[in-house]
Amino acid sequence: MERLPGGRRPRLVSSLGLGRRSWEVTLDEERGRLAWRDPRPPRRLRENCFVPISEIIAVEETEFNKKQRNIGRWQKMAKLHAFTVYYVKKARNHRWRCSDVTFWCVEEHLCNQWIQALKELLEMQKSRPKQLLVYINPYGGKRQGKRIYEQKVAPLFSLASISTDVVITEHANHAKDNLLEVNIYKYDGVVCVGGDGMFSEVMHGLIGRIQKDSGIDQNNPKASLVQCNIRIGIIPAGSTDCICYSTVGISDPVTSALHIIVGDCQPLDVSSVHHNNTFLKYSVSLLGYGFYGDILKDSEKKRWMGPMRYDYSGFKTFLSHHYYEGTIAYQPAKHTHGSPRDKESCRTGCHICKKSEKQLAEQNKEHGLKHEGGEEEWKVIKGKFLAINAVSMSCACPRSPKGLSPAAHLADGSADLILVRKCSRFDFLRYLVRHTNQDDQFDFPFVDVYRVKCFQFTSKLSEDNESNVMDIGKKRFGQFCRDHPACCCNIVNSTWNCDGETLDSSAIEVRVHCQLMKLFARGIEENCKDEAAHSQSSIEQLL
């Protein structure tokens, strides 16, 4: 054990075997990494190899003769002792894999010393889960959730010594209802295996349980909700995995499982949706009225088509070209430090989210909820809209790598409100195409975007048949229209698409709750091609 000068923490340095060569291996607690280098490498391979301690999954003693071959004279001289380090290996496109490296030596005491030192450092990683509650939707997507978990995820949890209680859901809201009864406080997190619908169910159950235990009335739209500190992990296994893609950068079960194992934590804003002082839903990704609401409403009738129903309903809705007249009232998110038109996206350790959280906390402490509901701060927009979208994240997916709002932030206490006004089919098509390329999708005269902390929408039909959500904007509301005057007598409302589920009411009030919940995620990393992964490929060449 080598003692560093100045009373700094010690580090472990040894000469250990790796393959058929002797390597200098260093466990540096102060720098937080395990490193190894070849003292006499070929001239073309001189880089050091390392892995952060925070990304080591497990360490195990290894039966060397079963693991390694062709080490020649070393096998004849003495019994060899070995240990294997399992760690995260990062690849392109934010994909993670479990890799391993095996070190050996002649001295049993030295081998045990390394194993003990590594295990002690892993025990110090307090953010890592020890016990998880897992919900598996066996019916979502392509009905592969159970197989994906058992074959790809469970072995990794076992390797990392994570104990699990697994519940196979049998009907809709099974997980939500179970979370209201089970002792959630004995778990370090809740994992959902399925699509966005499964995540929404677990989120509603967990947030609802915390509010219930805290005596918070969820039907009060101005209630200050209690933050949920029990993290949610997402193992993507659905037809749509937008939330996973927007928070990790890829929809891959192994990558998500590794994020859970290393104990990543990504705060997430949650929007509460109310109608007439009645709680309807929570939303973390998309609230869409008009185009995206119509797609969802039509696709629900065609579930037999599978994921293809979204393409069919999308094309059909585009051709119908319905627009809706109504009024949007919103409060600008003055606490935020960014804009929806920024070129900078939300990434791991986002400074905008951190600054916005701090400023919002100071603002609420100084002014309280009365400041939020101040009449003078509301802005009202009346018009005819093809689509009204409110997003709390980019809503990126493989088909739309930038999403609906590329600069939306995961945890800044705001949502991006996107208003697509009445325009021609051709112009609307140009707008939709922008979601698939790198062009500015807000650079159209018929598209407006605002960063808001709350908003409400009311149409003429909802004003006639239902009570207004608030008095603001009353008597200013327009009426429903259609593209074809001959059809105006057939008055119908669009449907709100709330994270892939329909809402019963068209008149809604939405409020963003800053960092209400936490995910087992890191956010999207700027450069996911890690040096250790590159170094490991060099090791393989040497071995």
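Which residue forms a salt bridge with Lys 281? These legends to a predicted model start there; local features need pLDDT of at least 70, side-chain atom pairs count only at pLDDT 80 or more, and totals for chains, interfaces and linings use all residues. Residues are numbered from 1 along each chain as its sequence is written, and side-chain values use heavy atoms, with hydrogens and water left out.

**View 1. Glu 501 and Lys 281 in a salt bridge.** The partner is Glu 501, and the closest N and O atoms of the pair are 2.6 Å apart. Glu 501 sits in strand β20 (residues 501-502) and Lys 281 in strand β13 (residues 278-283), so this pair ties together parts 220 residues apart in sequence. A salt bridge here is a side-chain nitrogen of Lys or Arg within 4 Å of a carboxyl oxygen of Asp or Glu. That rule gives a count of 22 salt bridges. Strands (E, at least two residues) and helices (H or I, at least four) are DSSP runs, numbered from the N terminus. Glu 501 is partly exposed, at 25% relative accessible area. For that scale, buried is under 20%, exposed is over 50% and partly exposed is in between (1.4 Å probe, protein chains only).

**View 2. Arg 21 meets Asp 38.** Their side chains form a salt bridge of 2.7 Å, N to O. Arg 21 belongs to strand β2 (residues 21-28), while Asp 38 is in the loop between β3 (33-37) and β4 (49-52), 17 residues apart.

**View 3. Asp 252 meets Arg 97.** This salt bridge spans 2.8 Å, N to O. Asp 252 lies in the loop between α7 (242-248) and α8 (253-261), and Arg 97 in strand β7 (residues 96-105), 155 residues apart. Asp 252 is buried at 7% relative accessibility; Arg 97 is partly exposed at 30%.

**View 4. A network of salt bridges.** Linked together here are Glu 55, Lys 90, Asp 264, Arg 522 and Glu 525.

**View 5. The second largest pocket.** About 550 Å³ of space lies in this pocket. Of its 27 lining residues, the closest to the centre are Ser 345, Arg 347, Pro 401, Lys 402 and Pro 406. A pocket is an open set of points on a 1 Å grid over the protein atoms alone, where a 1.4 Å probe fits, with protein on both sides within 12 Å along at least five of seven lines; lining residues have an atom within 4 Å of a point.

Terms used
Points joined across faces, edges and corners; volume = space filled by probe spheres on them.
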